[in-house]
Amino acid sequence: MASNKVIQALYNDDDILMKAVKEVRAAHHHIEEVYTPFPVHGLDKAMGLADTRIAITAFMYGCVGLTVAILMMNYIMIEDWPQDIGGKPSFSYMQNLPAFVPIMFELTVFFAAHLMVITFYLRSRMWPFKNAENPDKRTTDDHFLMEIGLHDNEDELKQLLLDTGAVEVTITEKED
Amino acid sequence: MKYTFSNRLKIGSFIAMGVGLLFLAIGFLSAPSSVEEAKEMVATAHSDGHGGHGEAHSTENTHHVTAENGHDEPHATEAHGESHDAAHDKHVYDQLKNRPWSALYVAAFFFFMISLGVLAFYAINRAAQAGWSPLLFRVMEGITAYIVPGGIIVFLILLLSVLHMNHLFVWMDADVVEHDYLLQGKKGYLNPWFFIARAAIFIGGWIAYRQISRKLSLAQDNASDDSNFKKNFKWSAAFLVFYLISESMMSWDWIMSLDPHWFSTLFGWYVFASMFVSGITTIAIITIYLKSKGYLPEVNDSHLHDLAKFMFGISIFWTYLWFSQFMLIWYANIPEEVTYFVTRLEDYKLPFLGMLVLNFIFPLLVLMNSDYKRINWFVIMTGIIILFGHYLDVYNMVMPATVGDKWGFGFPEIGGILFFGGLFIYVVFTTLTKEELTPKRNPFLEESRQFHY
């Protein structure tokens, strides 16, 4: 039976937090979440989080955008109605390619940027009217919070966290 | 740590110089010495068993005249009269005679351009007070040492052109100017002695900054305060102003004036991008080489990552400028401008389009991944390809104007690369042995040591 109880340790300095994260990991406890008011450099490495793959998705979205641009303009300008507009050679896509490059470029960037942002929102579960998930309001200002799942080892863990320099340790029941 | 020039590299550079000289000599000796000889050479080349070459030749002829309708006035239409044949033979003779000179000039300019690009990068790092690069300053100073012999050689080639030893710059030929209304209009700027005076000022200014900055940089090592560093900062900022103006004018003088009927406002930037990316690539290659020999223990992956990012970014910047120049001219298709690209697309299809693949598509795909930018052999391989791509870029800027469709890639071209490559390596690595490879006292040195991305 997995319990819903978690232990939350508050810190007031990012250096202390980093040290604490390393110590907790060294003691083989699984850190569920860390809440910080700003990006703490190296925190993801200290927590052992996997690298993000969002750059790879962006590259693929960019390829999609480029393909869309090429197919669209090839159809419109070359296949559907190859009109002579100001003497531009509309016989094949390659012949009129330079005129299409600005659009190809912009659509590549457009797709890569927007779809990547949307991917980010989806993966990090962010949208308007979403309920904020911060367990303690102070974590948006100047406190850092580490959350660890409890498995009947409350006292041991509490002592460990206090030793790492936590200014406050609380045990709460998570409802979800 | 002081660098010792490895014997193998030194001997290698001497061999390259020797073989290069030999190849260049072969190039010069195999150039025709008279119009008759040139005619013969073209004739034998054409009867080399190609069946339908006669036809090809006649089409070649017509486009020649359209492409170069600047050089010889529109007597193109009067078919193949006697006078035209003679003019054509003279034209072909000039082109064949230009080939070894152009090959020499392209290679001399290319290696000079690398060290000038590094000098600009170095000055930018000093003026911007970059925190990551001080560990690499000695390497950059080593590369910019080539600006002295390289600049003098380029200057000598230009001087020989002014003295009519070759026919690289048509506008230097008084007979041509006499019959060319457009060139007469440009006489105020394009006249041989003003040209050579400008070249002397540019090269003198660049060499002066290089020597002053190097001296201040070395003085800073043993100083007890930062006054040398501050002076260097001011000199670098002033140099950048001078550089932007002189580099732009240099590109009009030394390259754009090879096609004196053509002009492009973007040209200075375009040449700058080419030299900048080649320079940064050379810094990366030499840094990796020195590091692999254990001479730069404090240079880490992040420094290389930064250099590779610059290679990636400036490659794209170069493409942006190349394309902007090309597309604007292609789109508007104004005859006086578009001949520039018509000659290149008709006679130089492979080097012209191949250079785009080497300088844009390849670095774009290869250097996009963050992890690959930290793999040494990967950066070296890409760097060599980028450098070759930019050699081709200079080749494409110079050759169509001087040798037209009589281009090739043989003894003189390879000889030029070998000779100047060898000289470059010899000068750069000799300078690197002169001083400690790590500066001792720079306000940003510790930051550079700790640099981590």
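## A walk through chains A and B

Start by selecting Lys309(B) and Asp306(B): their side chains meet in a salt bridge, 3.4 Å from N to O. (A salt bridge here is a side-chain nitrogen of Lys or Arg within 4 Å of a carboxyl oxygen of Asp or Glu.) Before you go on, know that this is a predicted model, where local features need pLDDT of at least 70 and side-chain atom pairs count only at pLDDT 80 or more, while totals for chains, interfaces and linings use all residues. Residues are numbered from 1 along each chain as its sequence is written, chains are lettered from A and ligands numbered from 1 in the order in which they are written, and side-chain values use heavy atoms, with hydrogens and water left out.

Back to your pair: both sit in helix H12 (residues 301-332) of chain B, three residues apart, about one turn of the helix. (Helices are DSSP runs of H or I, at least four residues, and strands are runs of E, at least two, numbered from the N terminus.) Lys309(B) is partly exposed at 30% relative accessible area, whereas Asp306(B) is buried at 12%. (Buried means under 20%, exposed over 50% and partly exposed in between, with a 1.4 Å probe and protein chains only.)

**Next, select Arg138(B) and Asp221(B).** Another salt bridge, with the closest N and O atoms 2.8 Å apart. Arg138(B) is in helix H5 (residues 137-144) and Asp221(B) in helix H9, both of chain B, so the pair ties together parts 83 residues apart in sequence. Arg138(B) is buried at 2%, and Asp221(B) is buried at 11%.

**Then click on Trp254(B).** Which core does it belong to? The largest nonpolar core has 128 residues, and Trp254(B) is listed with Trp206(B) and Leu290(B) as having the most contacts inside it. (Such a core is a set of buried Ala, Val, Leu, Ile, Met, Phe, Trp, Tyr and Cys residues joined through side-chain atoms within 4.5 Å.) Helix H4 (residues 82-127) of chain B gives the most to this core, 20 residues.

**Last stop: where the chains meet.** About 620 Å² is buried between chain A and chain B, 84% of it from carbon and sulfur atoms. (Buried area is the accessible area, with a 1.4 Å probe, that two parts lose on being put together, summed over both.) Select Phe59(A), Lys88(A) and Pro98(A), which lose the most area in chain A, together 67% of what that side buries. Salt bridges between the two chains number zero.
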